[in-house]
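Please look at the sequence and the model before reading the points below.

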Amino acid sequence: MNNKDRGFSGERPLEIFEVDPQVLRRRTRRDVLLFGAGAAAALAGAGSLLPQDMLSRLGLRRNMNSPAKERFLNQALRIDDDVAEALYSENCIVATYTKSTNYSAQE
């Protein structure tokens, strides 16, 4: 099939390449284990930041409210507010730079 037959949104043919089965098998097992461990850690970390009433609805009855969790979430909100204020402030002065003489010859 040539480019004219495919049309504008047609898919290109898949590129075929060969990989040694032993390398693929070994890499895949290790990658699946590492990905699974990373996903479980991310889920546990994100779950520990959920509010207590949501954790109770999910079946976790243990009280996970702590001052450190509240401090972390407040700090994240404060950083977000600071960035938003800096981006959308009328008094924000953005640095401007003059065009370098080295680059003007190339353009």
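A salt bridge is a side-chain nitrogen of Lys or Arg within 4 Å of a carboxyl oxygen of Asp or Glu. By this rule the protein has 1 salt bridge, formed by D53 and R57, whose closest N and O atoms are 3.6 Å apart. The model is predicted: local features need pLDDT of at least 70, side-chain atom pairs count only at pLDDT 80 or more, and totals for chains, interfaces and linings use all residues. Residues are numbered from 1 along each chain as its sequence is written, and side-chain values use heavy atoms, with hydrogens and water left out.

**Overall fold**
- The protein has 5 helices and 0 strands, where helices (H or I, at least four residues) and strands (E, at least two) are DSSP runs numbered from the N terminus.
- Along the sequence the pattern is α-α-α-α-α.
- Of the 107 residues, 4% count as buried; buried means under 20% relative accessible area, exposed over 50%, and partly exposed in between (1.4 Å probe, protein chains only).
- The accessible surface is about 10,600 Å², with 58% belonging to carbon and sulfur atoms; areas come from the Shrake-Rupley method with a 1.4 Å probe, and for residues only the protein chains shown count as cover.

- D53 and R57 both lie in helix α3 (residues 52-57), 4 residues apart, which is about one turn of the helix.
- D53 is partly exposed at 48% relative accessibility, whereas R57 is exposed at 62%.

**K69 in helix α4**
- K69 belongs to helix α4 and is buried without a salt bridge.
- The nearest side chain of opposite charge to K69 is D53, 8.3 Å away; Lys and Arg count as positive and Asp and Glu as negative, while His and the chain ends are not counted.
- The K69 side chain reaches the backbone oxygen of L50 at 2.6 Å.

**Surface patches**
- Patches are made of residues with over 30% relative accessible area and no salt bridge, joining like charges within 9 Å and nonpolar side chains (Val, Leu, Ile, Met, Phe, Trp, Tyr) within 5 Å.
- The place of a charge is taken as NZ of Lys, CZ of Arg, CG of Asp or CD of Glu.
- D80, D81, D82 and E85 form a negative patch.
- D82 lies in helix α4 (residues 67-88) and is partly exposed at 46% relative accessibility.
- I79, V83, L87 and Y88 make a nonpolar patch of about 480 Å².
- Y88 is also in helix α4 and counts as exposed, at 69% relative accessibility.

Notes. A polar contact is a pair of N or O atoms within 3.5 Å; within protein, one must be able to donate a hydrogen and the other to accept it, and residues adjacent in sequence count only if both atoms are side-chain atoms.
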